Amino acid sequence: RQRRVASSKSVGKSKKMKEGIEVSLEEELSAITLNGFDKMTLNVTFRERRDASHIINGVRTFWNDANTLLIFYGTDIKRWQVASAKDIEVIKRGNPVVHARSPEDADILDPSFIMGWDIFSGGSWVAKEDCGIIRILKGTDAEAANAAVEVIEQEDEKEYTHPMGTGSFILSLIVTLIPNLCCAAAFSTVGFGVMVYSLAAPMSAIGDFAVMWAGFFASMLYIFDIGKMPAPVQAVLGVLQIIFLMVGAVLKSRKYPWTPILFTLLFVPAMLGQIRIALCKNTDRRSFYGAVSAVTAVSAVVVAGWYLTWIVMSNRYWDSSTTAWLIENTQAVYDNVWEEPLNYTEHCSADANLDTVVTADGSTGYGSIAQEEIVMACASAGTVWWMIYTCPVIICLCNAVISAFCFLQVWIEVKGRRAVRVLQTVAIGLATMFMGMYFANVVTGASLQLSSALMGFYVSAICALMVWAYLEIGADGLHTLAGESNLAKNLIKMWNSEICRGGGIVAVGWLIPLFLILTMMNQTVRRCRGTSTSKDKFTDNGRMIADQMSEWNWSGILKWACYWCLFYWVMYVGFTRAVYIFLSWMNGALAGTHIGVSCAICFGVGFVMFLLPPVPGASVYLFLGLVIGAQATAEGGVGMLTGVTIATAVGTITKLAGCAGQYYIGVFLGQSVKVQQMIGVNTVPTRALEKLVSQPGLKFGKVMVLVGGPDWPVSVTCGILRVNLPQMLVGTLPIFICALPLCAAGAFMIKMSDPVDGGLYSLLNMVAWGVSGAVNGGTFFLCGQQWFSVINRDKEELSVPRPEHAAVEELTRKEEAFVQAYKEVSRWNDLPNLHRFTIISATVLHIMAFGVFYMLSDSCFRPFVLGYSTIEGSYEDSGLNGDVFSVILFPMGWGANGLFALACIFQYINGVLLTGSAKKFLAAQEATETVET
């Protein structure tokens, strides 16, 4: 879309050189703007630097606002070139890695705008006629340019003022209702769910073939350029791809029962996105999102009404009779979940004795390994019928989340361009989704079924969020924002950071070679069809990605990939399971004690757990609900309602005490200038946090940060910043709204096995988990929204240097030499073979262990559910048979942990080698400078 600017009267003296491009003709040069490059980070404004430290080859240079790129003049080739700022010393030596360059003998100040810049592609420099300078801005035009941008923003908003039409609203309602009703009819008890899952149960192997075929078919569509085919052909092939994926999801439903449900529900945001693009492109965002919020809420109500009506009419309340009905009608699942057909009563019930069961070959009893496999198989089968029964609840929750998200788009008013608002929502939404995935890990200790479903939901939500952002902003908008929005620059900077790239290598690193192979095959097909004459083995997109990856600092990326795997092991594998085993032991040890004594001991245990960074607060609340709920509902106890209330009160007091303890940890750590530097006390985000939590009373932003933010980092940071402790605790008081549903969930788990009221408490447990997820997710989302609001509103104020942070800035300057030396010695192309071997070995072993832990968790660890499993319990009762280490299964579990330990050794060796090399480099550099002096 062409850029519009204010009139020449408001902008200043300007001359239109070509359509959509402006130039200012004042004398003093201030900045130039590049555009048209595939690499978005190049499409930004570069500002002139004339001080001595920025002069290269005797000529001034131009730098982007992030100080990561510069344009310099190469006197040897007589071209202006774009390079990374980190390579400035290499540039001065005359051998830099260049991203782009101007035509030869070009004048960068030429008012006709120098286009046709070169990019490096396919092993040679290629001129791109659309790449180059689109704006030259003089220093005296700065105010006028800002005024022009304001006019652009105002006009940008005017394009989205049309209300949503009745036809579009009705169509939105239809495309929302149909997938929801189809999902409920096909995969739940209100329809044909029992029959569908039973028919799919023996066809899991065919499902594997269907999934592989869907992947192969998608690869063929890419290789043969589906995007260049006629629209009808694209539609037919697209429908076939969807059918293949759906068939694969259904046939694999015995192992992954949530996949067909979520796959069907993804049609809702997909179809609404198509309506947004095709029919509501210029519709006012409040009108569109208000309508979407309404139709998804209506869909949730319709499905909930259908579900409740079915429960009442068929008398299928969650109780023992309903459970028996589900088990009886899903016998096909039990027949295929293990190598032999299973019978629930003989193999899976609480009264089952696997030592006396007659096996298929006529012998009596199963061995210990077979018993472990049967226990896991029974749990897997139970997940299937549990998912069938709760499918309408999942549908309602998904629609409620979409409705709430769209409602927030209507309710939250953020100043600035529409695209910037979208980016803010994406940043906060992603943080919320990742927080939800962390919450799903907490749920693992209470419900394996719920944890698996939540993890699938959050991954799907992340994909939908990214697609929504792309549809809202568009490719052109992303390119424009990359050069104009500070938030976009920060997100791009974060995306391009070694931290994110390391995480990407862990998650999808195996797809990189696959993509490169596919793009080579695609290029071969294009040559055969005569649609490409390029001799490059990659397509243009493939070459661009390959070139970009060749410039990455792989040493740092692989290091962060190892850190991500280490973090995963601590949070999801080792520490978490150890905590739940300890809590289970504590729960048994406190059985039979007076409720007052239990409250005091729980307070002490919870306080210590809050002081440990890896322990999630949700685990503490769940533990309190289990212990106090069990004693409250025992004979002569105070009752369930009173027990939940007591547990919530103890949880709130424990949280406040834990926050105070975390605060003083921060005070102690804050005495170190290095710690202050690590948390960035002199940066805008940390100062924004300080400003929020320093407010008196119960201000909304303060409460959301203290209640919705991660407790340990927030409270410790408050201690380092020395905010007012009483005011911090006052702002934390509303934490009871997060503690209440988790304490209730823990207490309800005690009664789920009750033969009379077990069905009721199972349903209440699911509701409590749902409310907990909504409350915790909502407060975390609002925490991010309030934090971003302060950062954007008060950025200039928060950027002002402070005297109390002078020591931090001085330390940063002192460490800069070592940091630069470390970067120099860790450059991948110059890295010694031993260094490469250790970091590659560490990364490969870490990723192998991560893959086993994530994909084969059931084969690595014995099922252990908080509130049900005990250390002394038998294996068939999901216990540990008196041996806490038996939670790790042999050989897969011990083998994966061995790989992880070996990876940590290689990682440590690599760190020692690089640190030693950096010290030697720095010493040699200092010796050279001394000799020269």
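The legends below describe several close-up views of one predicted protein model.

Because the model is predicted, local features are given only where pLDDT is at least 70 and side-chain atom pairs only at pLDDT 80 or more, whereas totals for chains, interfaces and linings use all residues. Residues are numbered from 1 along each chain as its sequence is written, and side-chain values use heavy atoms, with hydrogens and water left out.

View 1. The protein contains 36 helices and 11 strands, where helices (H or I, at least four residues) and strands (E, at least two) are DSSP runs numbered from the N terminus. Of its 933 residues, 48% count as buried; buried means under 20% relative accessible area, exposed means over 50%, and partly exposed lies in between (1.4 Å probe, protein chains only). Among contacts (heavy atoms within 4.5 Å) between residues at least 6 apart in sequence, 69% join residues at least 24 apart.

View 2. A search of the whole structure finds one disulfide, which joins C348 to C378 with an S to S distance of 1.9 Å. The pair links distant parts of the chain, since C348 sits in helix α13 (residues 344-348) and C378 in helix α14 (residues 368-411), 30 residues apart. The torsion about the S-S bond of C348 and C378 is about -65 degrees, so the disulfide is left-handed. With a relative accessible area of 18%, C348 is buried, and C378, at 11% relative accessibility, counts as buried too.

View 3. C183 is in no disulfide, and the nearest cysteine sulfur, that of C391, is 4.3 Å away. C183 counts as buried because its relative accessibility is 0%. C602 is likewise in no disulfide, with the nearest cysteine sulfur, that of C599, 6.6 Å away; C602 is buried, having a relative accessible area of 1%.

**View 4. The largest nonpolar core.** A nonpolar core is a set of buried Ala, Val, Leu, Ile, Met, Phe, Trp, Tyr and Cys residues joined through side-chain atoms within 4.5 Å. The largest one has 48 residues, of which F187, I261, W338 and L342 touch the most other members. Several helices each supply at least two residues of this core, including α4 (166-187), α7 (231-251) and α14, and the largest share, 16 residues, comes from α14. Leaving aside residues up to four places away in sequence, W338 touches Y366, A370, E373, I374 and A377. Apart from this core lies another, of 43 residues, among them A618, L622, V703 and C738.

**View 5. The loop that holds G697.** G697 is found in the loop between α26 (684-693) and α27 (700-708). It counts as partly exposed because its relative accessibility is 26%. When residues up to four places away in sequence are not counted, G697 touches K702, Q727, V730 and G731. The C-alpha atoms of G697 and L729, which are 32 residues apart along the chain, are separated by 9.7 Å.

Conventions: Disulfide = S-S within 2.5 Å.
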